[in-house]
Amino acid sequence: MAESRVAAPADSGRRRGLTAYVLMAPAVIVLGLFFVIPFYSLVAASLYDPGGSDKAGWDVTYHFANYWEAIKLYKGQLLRSLLYGGAATLICLVLGYVLAYAIAFKSGRWKSLLLVLVIVPFFTSFLVRTLSWQLILADDGWVVDALQFVHILGQDDKLLATDFAVIMGLAYNFLPFMVLPLFASIDKIDPRLIEASSDLYSNPITGFFKVTWPLSLPGVVSGTLLTFIPATGDYINAELLGNTETTVIGKVIQLQATNANHPHIAAALSMILMFLIVAMVLVYVRRVGTEELL
Amino acid sequence: MSSPAEAGSSYDGLRIRALNKSFASFHAVKELDLDVPRGSFFALLGPSGCGKTTTLRMVAGLEAPTSGTITLAGQDITDKKPYQRPVNTVFQNYALFPHLDIFENVAFGLRRRKVSGVEAKVKDMLELVELEAQARKKPAQLSGGQQQRVALARALINEPEVLLLDEPLGALDLKLRRAMQIEIKRIQTEVGLTFIHVTHDQEEAMTMADTVAVMNAGVIEQMGTPSELYENPASTFVANFLGQSNLIEGTVQSSGSDVVTVDMHGIGVTIPAHRAHTDGGKGWIGIRPEKVLIGAAGAELDAPGNTIPGGVVSDVSFFGVSTQYLVKMPWGQELMVFAQNTGRDPIFRTGESVELSWRPEYAFLLDHAQDVKAGAEEAS
Amino acid sequence: MRWVREHVIALIGGAVLVYLFVPIFLVVLMSFNDPATRNVYRFDGFTLDNWLHPCADPAMCDSLALSIEIGLLATLVATVIGTLAAFALVRWDFAGRSQSNLLIFLPMAAPEIVMGSSLLTLFVQGGFAGQLGFVTIFIAHVMFCLSFVVVTVRSRLAGMNDTLEQAASDLYATPQQTFWRVTFPLVLPGILGAALLSFSLSFDDFIITNLNSGSEVTFPMYVWGVARVGLPMQVNVVGTLMLVISLVIVLTGEVNSRRRARALV
């Protein structure tokens, strides 16, 4: 009994002891070896002497010009990736917000079932469901036919292999990453606060922007990040639903990384992409975050 | 009561006519008629589930009535949205906006209506509720009593025609609740607005309101000043829910214009005609425990009414200021007696024989068709 | 009209839900498709052939077997390692705890293409360029599944009341007994959920795998390869099966937790 006293949780609730390091070690080793160290490899590779090759070997010569070279060659694809990612995130935010709001406030006892339904489509393969969109948006498919019939689309217009198809595919594939954190935030809002705002002369629209929206901001921030980051790095949608003009940075990195002569370009592009994402995230979190977040 | 046709037009208070609210299979409010005079402190009192909160929410516009009309100062507001009516609510658990500070919470309604001079008005209001120092704090940093006052200020600042208070003190502990009762009463007197206060706490309703409506199962059982309701309840529900009552079976023998005579287990009892709420036949004779006098068997009791002999004390609880007895009567019923500890009479012990008596003008007579236990369990 | 206005949010929400299911419905439909030509991807007629002969293209079934094998192995390893780490993070206080939390979080926030290319760079620099294959895919999958396991188990553990464990030790349970009879059964649903998530992440990954697979072909890579030349309809059979199996697992969990919730009332 006396011994178990020593090991028993103290008032803080957390125990101290060497066991913690034993428990933590495997995860730290795996992530250290295969996440942190590769990052340093990447930094090194981005500073290779561009004259090297896989055969002759590569030297780290702090050749920062690799970055300028990469930007010069692929600034179009970089910009396009950020635009696609941003547009898809915006669509996800609008659609996801309505869905999360409806599940949180309008679904009654079906709440948990509906949440499951939001996740279920994502248990089929990412590629298979993206290819499914190929079929839906196909030039001779019924969606195009119907839109041409009502003259929203002209006879020669199409949906597949356009920017629209890529953005819509991205929005589709990353929607759950938006809905789940949004739901978690919205579900916590006391409905009486919305009633109170209505009682205090807010019409539904001002009530939403003065009460519901600010209270759901934590979910908006994490949902936006969880959508924007993978959508910007993704190239599956751009390749399967786009055309030769919609190549994104992910595809470029993939090609350059497996090209024996250009690992330094792939590495530099990866670094640039990371840097851009981190910078945008910081600006975004700061703008949304400081004042309004609880 | 006036008919729906003439409802509103000239009445300057809140007028409710034939109001109904049904949820799926539950009829929460039934054919409710109610007049709340301008400037009054009105309490809707009833057990949980009696329809009082639903009524309040319909007045606030947060719930749409199934049928009926609500008019305020002559204007029909039945179909108005909550943000379109001059009514504000102090919500149960306050519903303060957690992301706004106290100042902005209080300013919320003014800003939505684009009223000028927000700064000064909020300052005055915070002064009224003694929270000037907390203006820049978030609600979570305040104590329960302070949050309560913020909720009150946030609603009051809009100078509504009617202020609704939905169990406003329910979350506070007893001592704070007493203090807030006095505080709210003071503020109401000061601002002179119409307050409608929904509560299940009969003591709270009686101390604060000048008119109380007792609600049960979707209808108003009785309405009046607190003392009217307490002294002359018209139904067994009111008699039991508001304080405690002894209800004794009796048969009406004669009813004159002044008094009704009732046979109570072989003893003749008289009750003033205006306190008899039954048409004849059987009835429940009601008497409040503190109105019953108790004395040793054969002793002289200082009351003009009949003496009821043959009681045996079956339980004694000593409270300091008073003693509560349960007295078993010859007909088997146990009556409750509260005796002030004036020191003049001895305190009786269990098993002693006693006699009971009361002044006839304190008794009341209720309809025998009503459940004798109605309201007894719901009362807290 | 009034009804529409009052339910506009629920209606739009429902439409979004339909949007989520349209492609899924097509996957199921196409699994019964009898294609006229391999080049045109549209519904030509109903057949059970795809279901009866799922391995008409043996390459598909080989890739499927590889994905399942890697998925199971990576899930097993990631779940064990991740669960240990979750326990350390929730129940123990140690130097570097907050840094560990950050380390767990970062892989979830990094774009896949960056993780994939950096891992490839490491393998190439380490001289394993010629040995890319099963082992490198496995390593990559363990790495990116790990964080999700830790986060899932951690939230389950954090939501658990440790008074139950105190009650157990008060009732004469040794620390081992307390762990196996009280703690573990309570955390188990979280661990199973983490394993399910981990398997579906591994099974579905394309971008990281594509960079580190050498000549091995996983199921998503197979689909990628055949997408240009014409998709065998059996791919939709696999898609449908994945959907049904995970639906069954998730709904069983849901029904169980509802039943348990009702039993508690």
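**A sheet and its setting**

The end C-alpha atoms of residues 64-253 of chain C are 26 Å apart, and that span is 81% helix and 1% strand. Helices (H or I, at least four residues) and strands (E, at least two) are DSSP runs numbered from the N terminus. UniProt, in an unreviewed entry, labels this stretch of chain C "domain: ABC transmembrane type-1"; such annotations may be inferred rather than shown by experiment, with names shortened and positions in the numbering used here.

This is a predicted model, where local features need pLDDT of at least 70, side-chain atom pairs count only at pLDDT 80 or more, and totals for chains, interfaces and linings use all residues. Residues are numbered from 1 along each chain as its sequence is written, chains are lettered from A and ligands numbered from 1 in the order written, and side-chain values use heavy atoms, without hydrogens and water.

Now for the sheet. Chain B has eight helices and 20 strands, and four of the strands form an open sheet ordered β2-β1-β4-β5, paired antiparallel. Pairing takes at least two DSSP bridges between two strands. β2 (26-36) and β5 (75-76) of chain B are at the edges with a single partner each, so one side of each has no neighbour in the sheet. Helix α1 (residues 52-60) of chain B packs on the sheet, touching β1 (14-23), β2 and β4 of chain B; contact means heavy atoms within 4.5 Å.

Terms used. Axes fitted to C-alpha atoms, helices over the stretch in contact; angles between N-to-C directions.
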